[in-house]
Amino acid sequence: MIDEKLLSILVCPVTKAPLEYDKEKDELICKASGLAYPVRDGIPVMLESEARQLTADEKLG
């Protein structure tokens, strides 16, 4: 679970766009860059090298 205040100030390190939290996958999603950043033990890992590419369906959804 991500704190709402933390989520409101975090941005994608690549595009500086806002992030959305996906509870099911425990990831922070950036639709602008098409990247999903993992959250491990409640801590967002905001490294491009640790992010995964979103699928086409995820980008549209």
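Visitor: What makes the link between the side chains of Glu27 and Arg52 a polar contact?

Guide: In this predicted model, the side chain of Glu27 lies 2.8 Å from the side chain of Arg52. A polar contact requires a pair of N or O atoms within 3.5 Å, and 2.8 Å meets that limit, so the pair is called a polar contact.

Visitor: Why is Glu27 called buried?

Guide: Glu27 has a relative accessible area of 9%. Buried means under 20%, so Glu27 is counted as buried. Glu27 belongs to strand β2. Beyond its neighbours within four places in sequence, Glu27 is in contact with Glu20, Tyr21, Asp22, Ala36, Tyr37, Pro38, Val39 and Arg52.

Visitor: How do you know that both faces of β2 are covered?

Guide: On one side of β2 stand Glu27 and Ile29, on the other Leu28 and Cys30, and all of these are buried.

Visitor: What makes β1 and β2 a pair of strands?

Guide: Strand β1 (residues 20–22) is joined to β2 by three bridges, and the two run antiparallel. Pairing calls for at least two bridges, so β1 and β2 qualify. Glu20 stands opposite Ile29 in β2. The hairpin of these strands has four residues between them, and there Asp26 takes a positive phi near 55°.

Visitor: Which strands pair with β3, and how do you know?

Guide: Strand β2 (residues 27–30) pairs with β3 in the antiparallel sense over four bridges, with Ile29 opposite Ala36. β5 pairs with β3 over two bridges, again antiparallel, and Gln53 in β5 is the bridge partner of Leu35. Strand β4 (residues 43–44) pairs with β3 over two bridges, also antiparallel; there Val39 has Pro44 as its bridge partner. At least two bridges are needed, so β2, β4 and β5 each count as paired with β3.

Visitor: What is found in the hairpins that β3 forms with β2 and with β4?

Guide: The hairpin of β2 and β3 has four residues between the strands, and Gly34 takes a positive phi near 75°. The hairpin of β3 and β4 has two residues between the strands, and Asp41 takes a positive phi near 55°.

Visitor: What makes β3 mostly covered?

Guide: Strand β3 spans residues 35–40, and five of its six residues are buried.

Visitor: Which residues touch the most other members of the largest nonpolar core?

Guide: Of the 13 residues in this core, they are Ile2, Leu7, Leu19, Tyr21, Leu28 and Tyr37. β2 and β3 each supply at least two residues of the core, and β3 gives the most, with three. In soluble globular proteins, nonpolar side chains tend to be buried together. Leu28 has contacts, apart from neighbours within four places in sequence, that include Ile2, Leu7, Leu10, Leu19, Tyr21, Tyr37 and Met46.

Visitor: Why is Leu54 called buried?

Guide: The relative accessible area of Leu54 is 7%. The cut-off is under 20%, so Leu54 is classed as buried. Leu54 sits in the loop between β5 (52–53) and α2 (56–60).

Visitor: How far apart are Leu54 and Gly34 in sequence and in space?

Guide: Leu54 and Gly34 are 20 residues apart in sequence and 5.2 Å apart in space, C-alpha to C-alpha.

Methods. Residues are numbered from 1 along each chain as its sequence is written. This is a predicted model: local features need pLDDT of at least 70, side-chain atom pairs count only at pLDDT 80 or more; totals for chains, interfaces and linings use all residues. Side-chain values use heavy atoms; hydrogens and water are left out. Buried means under 20% relative accessible area, exposed over 50%, partly exposed in between (1.4 Å probe, protein chains only). A polar contact is a pair of N or O atoms within 3.5 Å; within protein, one must be able to donate a hydrogen and the other to accept it, and residues adjacent in sequence count only if both atoms are side-chain atoms. Contact means heavy atoms within 4.5 Å. A nonpolar core is a set of buried Ala, Val, Leu, Ile, Met, Phe, Trp, Tyr and Cys residues joined through side-chain atoms within 4.5 Å.
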